[in-house]
Amino acid sequence: NGMMKQYEGFTWEQLVERKKKVERKYEIYKNKNFNLDMSRGKPCVEQLNLSNEMYKLGASLDFISEDGVDCRNYGLVDGIVEMKRIFAQILGVSEEEIILGDSSSLSLMYGTIEKAFIHGLYNCEPWKNLKKIKFLCPSPGYDRHFAICELFGIEMITVPMKEDGPDMDMVEKLVAEDESIKGIWCTPIYSNPTGVTYSDEVVRRFATMKTKANDFKIFWDVAYIVHHLYEEQKLLNILDECKKAGNPDRVFIYISTSKITFPGAGVAAMACSVDNARHLRKLISIQTIGPNKINHLLHARFFRNADGVKAHMRKHAEILRPKFELVNSIFEKNLGGLNIAQWTKPKGGYFISLDVPEGCAMEIVTKAQEAGVKLTPAGATFPYGKDPYDKNIRIAPTYPPVEELEQAMEILCTCIELVVLDKILS
Ligand code: PLP
C-alpha cells in the first residue's frame, strides 16, 4: 500500500516474540482503566486562559464602536468596523468584503450553503431547483464540512490530498466536464487533518480553472491561518487571484477566533466579493437584526490589529509546540524504522494525520478505545465517514495535558503494533 516492507529485517520468530510482548503491554494498559480523550481539536485550558484578560477590559468598556455605534443595541447586521478591519488585515481583503457573524464560522458556512439552496447566491439559480448537486471533497478533510453536504443531500466526490494541496489535475478535469459539481471544500492552510498548506500554484489553479458550472463556488476555510507553530507560512490570497482571473464571485472565505480566543464565544467572519457580500447581507438582514457586537468590540479592543492577533498566537504556539513535538518523538521512538506508520509533522494547525497499513485504522481505534483512549473515529476524515483504505487516523494533540498526551500516544503505538502484527502473523 505504498509503504515499504513492514518490519524489515525481523525474522518470523522475532515477530512472534514481539507480538507477545505487545500483547502483554496492552493487557497492562487495559487494566489501568485510563480515560483519555483525544477525539477533538479543542484548545487546552492554558490556551483559553490566554484570553481571559479580554473580560477585564469589559469592566471598563464604553460599549461605543469607532463610528459611534452603541454596541449594546440593535443594528449593524454584519458587525462593527474595527473588528472587520482586523479580519480584513489577516485575510488581505477590504472591510467591504467582510461580514462578521457571531462565534461560529461553521455556522456561516452552513448559512451560505443553505442560502445557495433556498434563495440562490448572487447571480445564481437556487440549487433546490436543480436535480443533482455535487461537491468535491479533498480528503482526508474536515468531517463537519462533509456532514453539511450529507445533510443537504449533496453528493460528495473524494479528491486525494497531495503535499501541496488537492490533486488539481483531478479537480480541473472533474469541474470542466460536470455541470452538477457546484462546489469544493478547502482548508488551505494547515489543513485539517493533514497540515498541508496549498502552494501558490494550487491557489492560482483554483482561481483560474474553467468550470462547466458557471456558479461553481470554492468554500475556503482558513480556520488555521494564524495558527503557526514555527515561522509564519503564507497562503496566496485567493480572492485577489479570483478577481485577476475574472472570477471574483467564485470564492467564500471563512475564519473565526474559535482557536484564537474562545470556541463558542469568539467572533466568526466571512469574506467574499462585494457583490456576493451585498447579496448575503440582504438575506442575513431577514434572518437576524444583528450579531453580538459587544463581543466584536471586546475582541477588537483586546487585539487592536492583526499584529495583536499574531503576538497572541505566538503564545498559543509556545503551549502547543511541545505537544506536537512530543507526539512526533513518541511515534519516532516506538514506530520509527518499522515501516508500519507514516505521520505528518505539521508546521501549524491543530492536527497530526497518521496513516497505518490499509485495513487497520478502524481496528486500531477500537483497540485504543478498549484501553481507555478515545480517538476521532476512523473514517471520519472522509466523505460519508468511510475511508476507502481504512488507514487514516486523526490525532488531536492540543487538549490533553502533556502527561496524558504522552500516555495516550504510548497506548496508541501499542495498539498499532498489536493490530499490524496480528495481521502479519495470521
Ligand atoms: N473549520 C475547521 C477546518 C475546523 O477544524 C474547525 C474546528 O475544528 C472549524 C472550522 C470550526 O470553526 P468554528 O468554531 O468557527 O465554527
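Trainee: Why does the radius of gyration of the protein agree with that of a compact globule?

Mentor: Start with the chain length. For 426 residues, a compact globule would come out near 22 Å, and the protein has 23 Å, so the two agree. Keep in mind that this is a predicted model. If you'd like the outline too, the C-alpha atoms fill a box of roughly 75 × 55 × 35 Å along the principal axes.

Trainee: What makes a residue count as buried, and what share of the protein does?

Mentor: You count neighbours: 20 or more other C-beta atoms within 10 Å makes a residue buried. In this protein, 46% of the 426 residues count as buried.

Trainee: Then why is Arg-85 called partly exposed?

Mentor: Arg-85 has 17 C-beta neighbours inside 10 Å. Buried needs 20 or more and exposed needs 12 or fewer, so a count in between is partly exposed. That is why Arg-85 gets the label. You'll find Arg-85 in helix H4, which covers residues 81-91.

Trainee: How far apart are the C-alpha atoms of Arg-85 and Arg-304?

Mentor: They are separated by 9.6 Å, although the two residues sit 219 positions apart along the chain. On the scale of the whole protein, residues 24 or more positions apart account for 77% of the contacts with a separation of 6 or more.

Trainee: Which parts of the chain make up the domains?

Mentor: The domain assignment gives domain 1 as 12-47 + 310-425, and domain 2 as 64-304. Their C-alpha centres lie 30 Å apart. The contact takes 24 residues from domain 1 and 25 residues from domain 2.

Trainee: Which elements give two or more residues to the domain 1 side of that contact?

Mentor: Helix H12 (306-335) and strand E13 (392-395). The largest share, seven residues, comes from H12.

Trainee: One last thing: how many helices and strands does the protein have?

Mentor: The secondary structure comes to 14 helices and 13 strands.

How values were computed
Residues numbered from 1 in each chain as written. Predicted model: local features only at pLDDT ≥ 70, side-chain atom pairs only at ≥ 80, totals over all residues. Helix = DSSP H or I, 4+ residues; strand = E, 2+ residues; numbered from the N terminus. Rg over C-alpha atoms; globule rule 2.2 N^0.38 Å. Contact = placed C-beta atoms within 7 Å. Domains from an automatic or database assignment.
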